[in-house]
Amino acid sequence: MAGDALRDRLRTSAWLVPGFVAAVLLLPTALFAVFLAMIVLLAAWEWGALAGVDGTLARAGTVAALGLTLLLLWRLGAPTLALVPALLWWLGFAAMLPRLQVQPAAAGVDWGLLALGLLLLAAPWLALVRLHGDLDGGGLVVLGLVAMIVLADSAAYFVGRRFGRRKLIPKLSPGKTWEGLAGALGAAGLALLLTGWVLGLDMAGSAALVLLGVVTVALSVVGDLFESWLKRRRGVKDSGALLPGHGGVLDRIDSMTAAAPVFALGLIWLGLAQ
């Protein structure tokens, strides 16, 4: 069974990774925005289920509401200010984590969670579209962000497996450890220190970039833990089954939902983006 799951995971990755890289590097920003919208709209379908929405038509309504939100942000010129509420929410949820309890979700639709999904799925779309379109080499910046999160996740796994002793949030994710988190933050910091050197940044600029990377990775873990909390409330292992070996779309982008807004805002505040 484990071997079959691994084969499914590798097969899915074999088309998923090249397809995403090609879309980021080859598509103009308008088409990249459409491509990315398809991903978050699929995630919205899964979010509806986690919020207790039953029935095809009702969940299609969730997808349509997010689609209208994305269209509105695009027509408004994708204002960066729209990212701030998402960042504030993630910081608030991070502060709540030590006291968070996992209780079965109440019957019926959780309308608050459904509305929250519009914000938390629209924000990473907006952030990545802004990075892609507003920066020279924006596609490389988007890929760099994704690569940093993947690197941090891998470092957390291997460091946690070798040195992990203290559980991070065992109620939500028994496999995560403080040692693994330290490994993730260290890997991201070293990667961005090298990036700062390649870009020719001075010491202050490099330090700011490293700090941004550390905060981004820390919040990416919060995004992962939030989805774990949602799934445990519903008593499901994965958000969906669209990606064999990986689960659902939301399972693949949970870290990015929190990481992308803070990274985009950080680059803007550092003067590296507009």
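The model is a predicted one, in which local features need pLDDT of at least 70, side-chain atom pairs count only at pLDDT 80 or more, and totals for chains, interfaces and linings use all residues. Residues are numbered from 1 along each chain as its sequence is written, and side-chain values use heavy atoms, with hydrogens and water left out.

I then read the order along the sequence, which is α-α-α-α-α-α-β-β-α-α-α. The radius of gyration of the protein chain, taken over C-alpha atoms, is 18 Å, close to the 19 Å from the globule rule for 274 residues, so the chain is as compact as a globular protein of that length. That rule is 2.2 Å times the number of residues to the power 0.38.

I noted that buried residues make up 45% of the 274 residues, where buried means under 20% relative accessible area, exposed over 50% and partly exposed in between (1.4 Å probe, protein chains only). I also looked up the contacts (heavy atoms within 4.5 Å): of those with a separation of 6 or more, 75% join residues 24 or more positions apart.

Lastly, I examined R233, which lies in helix α8, residues 203-234. R233 is buried, with a relative accessible area of 13%. Leaving aside neighbours within four places in sequence, I found R233 in contact with L50, V102, Q103, P104, A105, D110 and L113.

Key
Helix = DSSP H or I, 4+ residues; strand = E, 2+ residues; numbered from the N terminus.
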